Amino acid sequence: MEFALTLVATTVACFVLRNPIRKAPMVFYVLSIALTAFCIAMPYLGLPREIWVFMSTIMRKCLLPLALFVVVMFIGVLPRTSKASLWLRPIRAELSIIAWILTLGHVVIYFNSYFPRVGGLSNNMLASLVVAMLLFVLLIVLGVTSFQFVKKRMNHDTWKKVQKLAYPFFILVYVHLLLIFVPSAMNGGVQAQINIAVYTVLFVAYIVLRLLRAAKGDGVEHSFRHEKSKTA
């Protein structure tokens, strides 16, 4: 349920902040870096419990970055003429870069937590860690090539091939989530069962919409593609 609420709030924020993000994306990149640094430094700051719980929920658990990535995913498969697509498409690349920056904090925190005790992890958690490492590699490649100055220096065909890695990236995200929540869900964990249901609905909906777009012959943009729409 936490992720569903985070996704709703994040989607609303994307609509509300669309114009500021489009006009001054660097401000939001800097704010994202600051938020990521704050999240990493949290254990040393002696924060009030309320702030710790809130930040742990949206950042350390990666709910906010994941919600942003979901928004980016769906912008690419919604009908091009839909109001949501027309409004958010111009900031799609910016949203993906913000999500990329925020995700790095989650990666640092959990790698520091799990690597020192990797020998004592369950098979399920080890598999989750391996998938997380693959996701990190894809995240770096896709994130770096999202920046316009990088794209301009790459061969167009090469850049397009790199962007197709977004599809295995999203699939591995779902696998990673399943590896985390399935053991608890199988043991009767209600929250884990709800999480799996929410993530499954989202990813299935994305696949269905993507297939519908492909069937109509309407090219689907890659999730990290950095392009500028003329839509006002």
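Which residues lie nearest the centre of the second largest pocket? They are Leu17, Phe28, Leu64, Leu68 and Ile98, which belong to a lining of 15 residues. The elements that give two or more residues to this lining are H1, helix H3 (25–41), H5 and H7. By class, the lining holds 13 nonpolar residues, two polar residues and no charged residues, where Ala, Val, Leu, Ile, Met, Phe, Trp, Tyr, Cys and Pro count as nonpolar, Asp, Glu, Lys and Arg as charged, and the others, Gly among them, as polar. The volume of this pocket is about 280 Å³.

The model is a predicted one, in which local features need pLDDT of at least 70 and side-chain atom pairs count only at pLDDT 80 or more, while totals for chains, interfaces and linings use all residues. Residues are numbered from 1 along each chain as its sequence is written, and side-chain values use heavy atoms, with hydrogens and water left out.

The chain contains twelve helices and zero strands; helices (H or I, at least four residues) and strands (E, at least two) are DSSP runs, numbered from the N terminus. Of its 232 residues, 45% are buried, that is, under 20% relative accessible area with a 1.4 Å probe and protein chains only.

The largest pocket holds about 750 Å³ of space. A pocket here is an open set of points on a 1 Å grid over the protein atoms alone, where a 1.4 Å probe fits, with protein on both sides within 12 Å along at least five of seven lines; lining residues have an atom within 4 Å of a point. A volume is the space filled by probe spheres set on the points, which are joined across faces, edges and corners. Of the 29 lining residues, Lys61, Cys62, His106, His176 and Ile180 lie nearest the centre of the largest pocket. Helix H8 (123–144) is among the elements that each supply at least two lining residues, and H8 gives the most, with seven. By class, this lining has 21 nonpolar, six polar and two charged residues.

The largest nonpolar core has 57 residues, of which Phe3, Leu95 and Phe169 touch the most other members. Such a core is a set of buried Ala, Val, Leu, Ile, Met, Phe, Trp, Tyr and Cys residues joined through side-chain atoms within 4.5 Å. Helix H5 provides the largest share of this core, twelve residues. Phe3 touches Leu63, Leu66, Ala67, Val70, Val198, Tyr199 and Leu202, not counting residues up to four places away in sequence; contact means heavy atoms within 4.5 Å.

Technical notes:
Buried < 20%, exposed > 50% of the residue type's maximum accessible area, 1.4 Å probe, protein only.
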